[in-house]
Amino acid sequence: MKKVLAGLLIAGSTLFAGTYALDAGHSKLGFKIKHLSITNVYGTFDKFDANIEYDEKTKQLKVLKSKVDVNSVNTQNEKRDAHLKESDYFDVKKFPNMSFELVEIKDDMMIANLTIKGITKKVEFDYENNGVVKDPWGNTKLGFSLEAKINRVDFGLKANKLLDSGGLLLGEKVKITADIEAKKVN
């Protein structure tokens, strides 16, 4: 009986949840990292997808799972991008994808499992729920933003060089940003 009740509660909680498809043309997944200890290098991952379920009644994400094609890394420098794909950084031959999965949301914070190079860590993201609107063509659109800082070394991205000045070629902290727009599909 307890299992039946639990099943009904779970089914009821997803009854109002809608499934949304990522709108890649209006979404961006980016990062920045300190370079030479004096400035930032910015980049994006140009190919990623997400499974999204949003409960319009409670105004909460219920499911957010994303897969990122690491080979799509883009820092506006082909030589640097090629180096980032090698084994001392992302090792795309062995680990072609990164993943992200929502664990829970507490107010303006999202906790998610982030997997890079086969290493999974719980990461806290600042979460901005921008809500749901109807676009001019009658489509229901969902928008939200995420932002976090991670230590790249924790995910096996260890390559670095010491500069004559004593600083590092690359910082260890990486800021991740995601701006997501998605269209309701059911």
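A pocket, in the sense I use here, is an open set of grid points with protein on both sides within 12 Å along at least five of seven lines. With that in mind, let us turn to this structure, which is a predicted model, and whose largest pocket has a volume of about 810 Å³.

Around that pocket there are 41 lining residues, and those nearest its centre are Phe31, Phe45, Phe90, Leu157 and Val174. If we sort the lining by class, we find 29 nonpolar, 8 polar and 4 charged residues, while strand E11, residues 170-184, gives the largest share, 6 residues.

E2 and E3 make a hairpin with 3 residues between them, and leucine 36, in the turn, has a positive phi of about 60 degrees.

Finally, let me come to the salt bridges, of which there are 5. In one of them, lysine 184 meets glutamate 56 at 2.9 Å, N to O; because lysine 184 lies in strand E11 and glutamate 56 in the loop between strands E4 and E5, this pair ties together parts that are 128 residues apart in sequence.

Another salt bridge joins lysine 141 and glutamate 181, at 3.0 Å, N to O, and it links strand E10 with strand E11, 40 residues apart. Lysine 141 is buried, with a relative accessible area of 12%, whereas glutamate 181, at 23%, counts as partly exposed. Through shared partners, salt bridges join Asp23, Lys141 and Glu181 into one network.

Technical notes
Residues numbered from 1 in each chain as written. Predicted model: local features only at pLDDT ≥ 70, side-chain atom pairs only at ≥ 80, totals over all residues. Heavy atoms only, no water. 1 Å grid on protein atoms, 1.4 Å probe; cavity = no way out; pocket = protein on both sides within 12 Å on 5 of 7 lines; lining within 4 Å. Points joined across faces, edges and corners; volume = space filled by probe spheres on them. Helix = DSSP H or I, 4+ residues; strand = E, 2+ residues; numbered from the N terminus. Nonpolar A, V, L, I, M, F, W, Y, C, P; charged D, E, K, R; others polar. Pairing = 2+ DSSP bridges. Salt bridge = Lys/Arg side-chain N within 4 Å of Asp/Glu carboxyl O. Buried < 20%, exposed > 50% of the residue type's maximum accessible area, 1.4 Å probe, protein only.
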